[in-house]
Amino acid sequence: MPDSDELVVDAQHLSRRFGAHVAVRDVSLQVRRGEIFGVLGPNGAGKSTALRMLCGVLDPTGGRAVVVGHDVAREPERVKANIGYMTQSFSLYTDLTVAENIGFYASLYGLAGAARRRRIDAVLHESELAARTGQLAGELSGGWKQRLALACATIHQPPLIFLDEPTAGVDPLSRREFWERIHGLAAAGTTVVVTTHYMDEAERCHRLAFISHGEVFDSGRPDDIVARAGLAIAEFIVDDVDQATYLLQGLPGVEECAHYGRVLRLAVHGGEPVAAARARLDRAGLAVHDMRESRATVEDAFVAMVRRERRA
Amino acid sequence: MRRLLAVSLKELRQLRRDRLTLAMMLSMPVSELLLLGYAINTDIRHIQTVVLDRDRSAASRRLVVQMQATGYYDIVGDVENYEDIARALRSGRATVGLVVPARFSSDLTRRRPVRLQLLVDGSDPQILGTAIDTATGLAAARSAELATPGLAQTHPRPASAPLSFEPIILYNPEQRTAVYIVPGLIGVLLTMTMVMLTAMALTRERERGTLEALIVSPATRLEIVGGKIAPYIAIGYGQMTLVLLAGWWFFDVPTAGSLPLLYLLAALFIAAHLALGLLFSTVARTQQQAMQMSFFFLLPNILITGFVFPFESMPLSVQHLAQALPLTHFLRVARRILLKGAHAEDMNHEIAWLAAIVAVFIAAAAVRFKKKLL
Ligand SMILES: Nc1ncnc2c1ncn2[C@@H]1O[C@H](COP(=O)(O)OP(=O)(O)OP(=O)(O)O)[C@@H](O)[C@H]1O
Ligand SMILES: [Mg+2]
């Protein structure tokens, strides 16, 4: 957990317009040192755009941001020297080898001589890429590409790294290992801002921001966000899940009704709708084998938020 | 500087892996030169000619033989009247019809002016020019010979000829295409490769998303752009050297002037096109667009700068337009240095133009190329 109140990212009312389209609207975010800060939002919500503005790659059309102690608009180069950025799409040179890519980024970030060699060896070791130094980056598999990208983004040991959907298309084991590295970096004092569509990853963040249509909907610790969503979860085990779904959808207070095999998962506001749902299933004569209450997750809160947003 | 070198090194490594591009860039100078030098022959010789000889004297026959001896005219037949000449020209059997008037020899001996008629198919202006020029020259030589018969035997082209219309061709008396083509080819190749490679090298980074990583690094604009284009400057000079060597090897193209001067002025020319390529890369979203823009730019360079068609024969408005193209000026610089041994002070006008164009292009590129994604 972050052990200091020092703000590494302080964005105030950031906005970005592309023509008539507003991609990011009035976003304010604060990230503390050593924190893993997750940014969640549906496709096109403006996550990448927001990250790009914080990195100084894209100028905001409104608002300002102070990153690692420097105003991004006024001292972009100061900011750039102190951050690492892993872009959403793989952005290394596919026609260069692993070693050449890492070496290039090391030089690009001003490393030279023995320090350069030490850092290259260190990231090769951490990312376990040492045995693949001669392989072309374009020929690596997804998980290895992502390791290489992280190695390049952290070659200069930046105090802050931005990761834009770093684990998209990566297998579960590699994802787990990747998050272990992220937690390792954070424990060593590196601040991490990461966007993701994976809810298990969201739950591993210290704090989260929900973004939809370019606006921050809610932000805070995952537990708090889930609590604020005020959802109760009930799972019914029924024979005819389709019929049950049909009956329960649209019932007052029912936020979400989804089924996994024979399990019908109901997200509702407050406690009464659960009883009402049970009664409705009984009335229809559907056999309910079991019913249990469970904890709401970040995913539940996220889906509820996006749904509410779409209805509005 | 270290960052710039790192970018250059990276670019060279990528280039080394891209064998096809590399092979193309190295084989182009020689193959283009051979193609243009051997296949495209812009000197006009062997013009098919029919003769309407109304004199039928020894003198008229001698004239026809002399015309054939210049190598420019091939006598393909005798005709009876103007109608025959018209038919021959229409059908393409001949391009030129020569009419020797009756009383040709008697007028000659009486020193009366003689008018020979040359009917030329005007569809090809270049043929027209050659045919008339040569005939004028021949006529002049003949009149001189007739004026001073004794002298003519020992001095075929007396300097003191009374009617000296003879066209004198300096610097490339044999009118060999290759000699003229080499300096031009240096310019055209540099135009093509410098603009296209720079534009594509940068749009490739944009297209593959690697530009974002460069922009987010602390490397400056100059380090990124300078590092990327430095290898291409070397390639440009390499191509230039190859054309010069191949021209010398295959076609004995002379180098009358100072090569260091040529290489120095080529730097201005290369700089103009690198800046233009950079400018294109800020507009093009994909490599394909960058390539299209480069070809679009190349076309007027080939057509209106004097590379293929003589500059003086173009309408004035087009000539004015051509002033904005660096190649127009570099062509003159390269031809004058290589063929005539010109010095820098002989080309003040061209050098000033080149410098002005470079300044404008670089300013435009600097304004457009921001170290931002958009
Ligand atoms: N360069 C651009 N020009 C025009 N519109 C853009 C540009 N970049 C992004 N947008 C638009 O801005 C909006 C936000 O895009 P952004 O990439 O930030 O979303 P995102 O949250 O990262 O989505 P995803 O989860 O798909 O990565 C989208 O509607 C997108 O079309
Ligand atoms: Mg994105």
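In the predicted model described here, an oxygen atom of ligand 1 is found 2.5 Å from an N or O atom in the side chain of Thr49(A). This pair meets the rule for a polar contact, which asks for N or O atoms within 3.5 Å of each other and, within protein, for one atom able to donate a hydrogen and the other able to accept it, with residues adjacent in sequence counted only if both atoms are side-chain atoms. An oxygen atom of ligand 1 also lies 2.8 Å from a polar backbone atom of Gly44(A), and a polar side-chain atom of His21(A) is placed 3.1 Å from an oxygen atom of the ligand. In total, 15 residues surround ligand 1, the closest being Gly44(A), Lys47(A), Ser48(A), Thr49(A) and Gln88(A), where a residue is included if one of its heavy atoms lies within 4 Å of the molecule. The site is shared between chains, because the residues around ligand 1 come from chains A and B.

The model is predicted, and local features need pLDDT of at least 70, side-chain atom pairs count only at pLDDT 80 or more, and totals for chains, interfaces and linings use all residues. Residues are numbered from 1 along each chain as its sequence is written, chains are lettered from A and ligands numbered from 1 in the order in which they are written, and side-chain values use heavy atoms, with hydrogens and water left out.

Between the two chains, 33 residues of chain A are in contact with 25 residues of chain B, contact being defined as heavy atoms within 4.5 Å. The area buried between chain A and chain B is about 2500 Å², with carbon and sulfur atoms giving 60% of it; this area is the accessible area (1.4 Å probe) that two parts lose on being put together, summed over both. On the side of chain A, Val57(A), Tyr93(A) and Leu108(A) lose the most area to chain B, together 24% of what that side buries.

Across the interface of chain A and chain B, 4 salt bridges are found, each defined as a side-chain nitrogen of Lys or Arg within 4 Å of a carboxyl oxygen of Asp or Glu. Arg52(A) forms a salt bridge with Glu212(B), in which the closest N and O atoms are 2.6 Å apart.

Over all chains, a search of the whole structure finds 34 salt bridges. Arg207(A) is paired in this way with Glu35(A), the closest N and O atoms being 2.7 Å apart. Since Arg207(A) lies in strand E9 (residues 207-212) of chain A and Glu35(A) in the loop between strand E2 (21-32) and strand E3 (36-40) of chain A, the pair ties together parts that are 172 residues apart in sequence, strands being DSSP runs (E, at least two residues) numbered from the N terminus.

Methods
Helix = DSSP H or I, 4+ residues; strand = E, 2+ residues; numbered from the N terminus.
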